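I opened my notebook to work through this chain from its sheets to its ligands. Here is what I looked up, entry by entry.

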Amino acid sequence: MRARIVDKNDILKIVDILRKDHEVIAPFQGRGRDSFFDVVTDANRDQVKMHLHNPYYPPKRYVLPHIEKLFDIDQAKMDVKAAYVEPKRAIFGIRSCDVHGIYHLDRFYLGRDYKDPYYERLRRGLFLVNVVCTDKELDIDNGCFCMCANTGPASTEHFDLQLMDLGDVYMAVAGSPKGEALFADPIFKRGDDSHVQRRRSILNEVRKHFKLAVNWYSAAVRYITTGQVPEELWAQVGNRCLECGACTYLCPACTCFTVADRKVDGKVVERVRLWDSCALSGFTRMAGGHNPRRAVHDRRNRRFFRKLAHYFVQRELSMACVGCGRCIDVCHGDIGMPSVVEIIRRGCAGKENDSTIIKR
Ligand code: SF4
Ligand code: SF4
């Protein structure tokens with residue numbers, strides 16, 4: 001990977017360069033802790049933030065829109081017309097956890113024999129400018145645990161360009177030929193060993209500020225994969241779920257959707273794809289009304305099985321959790337990923353020891 005140095009005052013010129021042939025999305029500060037991704041315009045360009053709390057609403061909607069038209073059906077002519085769109089977009093300021101979230105969606109929607117043509121078109125024109133989280137007050141939330149998920153704070157792949165604040169300058173690392181092509185612009189200057197040393201020591205320091213930097217995942221993966229989590233424990237988790245769906249909607253690694261038809265006018269019906277959530281009872285309800293997962297805890301255990309079971313880890317090459325911490329912040333029942341993993345680890349540890357002793 002090649003790297004260059006960019007003066008701090010020039011950093012938003014990268015947005016300007018990208019805007020020549022992309023719609024650029026970047027993070028902005030909202031009210032209080034709130035932040036959001038939005039399209040950069042001439043009017044808001046100077047308000048783009050390099051350091052801020054990662055927006056709750058993840059940038060996955062730029063490859064998997066909340067509501068996406070798939071095709072129109074003209075009922076009179078019995079004609080079906082696909083509604084493909086292929087925008088050229090750049091996400092400037094995407095955090096490392098969310099870069100991995102998009103990579104997870106890539107493996108789900110493009111990684112096997114069937115490639116989703118809608119996702120493929122949105123992904124093809126997407127340019128990712130990853131910003132490394134280095135400011136312990138502004139970038140790192142209490143719930144961030146990217147280090148446990150091995151996704152951050154500095155992503156090592158899956159971006160086109162990565163920017164890291166070194167104090168008076170930024171280090172820009174190219175992650176793809178498209179990213180490296182930007183280095184032709186004179187704002188990108190050659191660095192030296194002192195920049196590499198500074199990057200290393202800043203990262204070492206930043207890593208100390210992740211409170212959950214322990215590797216407790218592996219035990220939960222083992223207990224879930226081997227079916228050792230008792231039903232009562234899932235019921236305990238399920239009883240705390242209010243079925244709001246927020247954890248799945250805000251999760252950058254959740255992939256589920258449903259399809260629906262809606263009438264546009266007298267003759268044309270539009271088929272749309274919408275985000276769905278395993279937290280909602282309709283997710284598994286079948287035609288005729290039968291629901292194999294009627295109990296809340298039956299659906300909650302499904303979420304954690306899907307994210308942590310070894311079968312899926314093998315198939316998708318990683319857990320379906322990138323450590324962004326959003327489900328910790330939004331869950332009213334305090335059953336975000338770390339809490340549930342801890343409940344499982346504590347609830348199963350004694351039992352495993354007992355059975356090991358018996359087998360010996
Ligand atoms: S955010 Fe919490 S309460 Fe809402 S569906 Fe998810 S687990 Fe249930
Ligand atoms: S499970 Fe929670 S912490 Fe993990 S990626 Fe999804 S929202 Fe983020």
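Predicted model: local features only at pLDDT ≥ 70, side-chain atom pairs only at ≥ 80, totals over all residues.

**Entry: the hairpin of β2 and β3**

With that rule in hand, I looked at β2 and β3, which pair in the antiparallel sense over five bridges. In this pair I found P27 opposite F37 in β3. The two strands form a hairpin with five residues between them. I checked the turn as well, and G32 there has a positive phi of about 60°.

**Entry: the other side of β2**

I wrote down two opposing pairs: E23 stands opposite R89 in β6, and V24 stands opposite A90 in β6.

**Entry: the eight-stranded sheet**

I then traced the sheet that holds these strands. It is an open sheet of eight strands, and I read its order as β3-β2-β6-β7-β8-β9-β1-β10. The pairing is mixed. Which strands stand at the edges? They are β3 (35-39) and β10 (188-189), each with a single partner strand, so one side of each is left without a neighbour in the sheet.

**Entry: the four-stranded sheet**

I moved on to another open sheet, this one of four strands in the order β5-β4-β12-β11. Its pairing is antiparallel. Here the edge strands are β5 (79-82) and β11 (257-263), and each pairs on one side only. From one strand to the next I noted an average twist of 25°.

Inside this sheet I followed strand β4 (residues 67-74) and strand β12 (residues 268-275), which pair in the antiparallel sense over seven bridges. E68 stands opposite R273 in β12.

I placed M78 in the loop between β4 and β5.

I also marked the peptide bond from G152 to P153, which is cis with omega near 5°. P153 is found in the loop between α4 and β8 (161-165).

I looked up the domain assignment of the chain, which gives domain 1 (3-65 + 83-207) and domain 2 (217-257 + 274-353). Their C-alpha centres lie 28 Å apart. The contact takes 21 residues from domain 1 and 20 residues from domain 2.

Which elements give two or more residues to the side of domain 1 that touches domain 2? I found α2 (96-110) and α4 (146-149). The largest share of that side, eight residues, comes from α2. By class, I listed eleven nonpolar, six polar and four charged residues on the side of domain 1 that touches domain 2.

**Entry: α7 against α10**

I turned to a helix pair next. Helix α7 (residues 217-225) and helix α10 (residues 296-308) pack at an angle of about 115°. I have their axes 10 Å apart, and α7 passes α10 in a left-handed crossing.

For the contact itself, I noted A220, V221 and I224 in α7 meeting F304, F305 and L308 in α10. These residues divide into six nonpolar, no polar and no charged.

**Entry: the two ligand shells**

I finished with the ligands. Around ligand 1 I listed 13 residues, of which C241, C244, C247, A279 and C331 come nearest. The shell around ligand 1 has nine nonpolar, three polar and one charged residues.

Around ligand 2 I listed 14 residues, and there C251, C321, C324, R326 and C327 come nearest. By class, the shell around ligand 2 has nine nonpolar, three polar and two charged residues.

Methods
Residues numbered from 1 in each chain as written. Chains lettered and ligands numbered in written order. Near = placed C-beta within 6 Å. Nonpolar A, V, L, I, M, F, W, Y, C, P; charged D, E, K, R; others polar. Axes fitted to C-alpha atoms, helices over the stretch in contact; angles between N-to-C directions. Left-handed = near helix turned anticlockwise from the far one by under 90°. Contact = placed C-beta atoms within 7 Å. Domains from an automatic or database assignment. Pairing = 2+ DSSP bridges.
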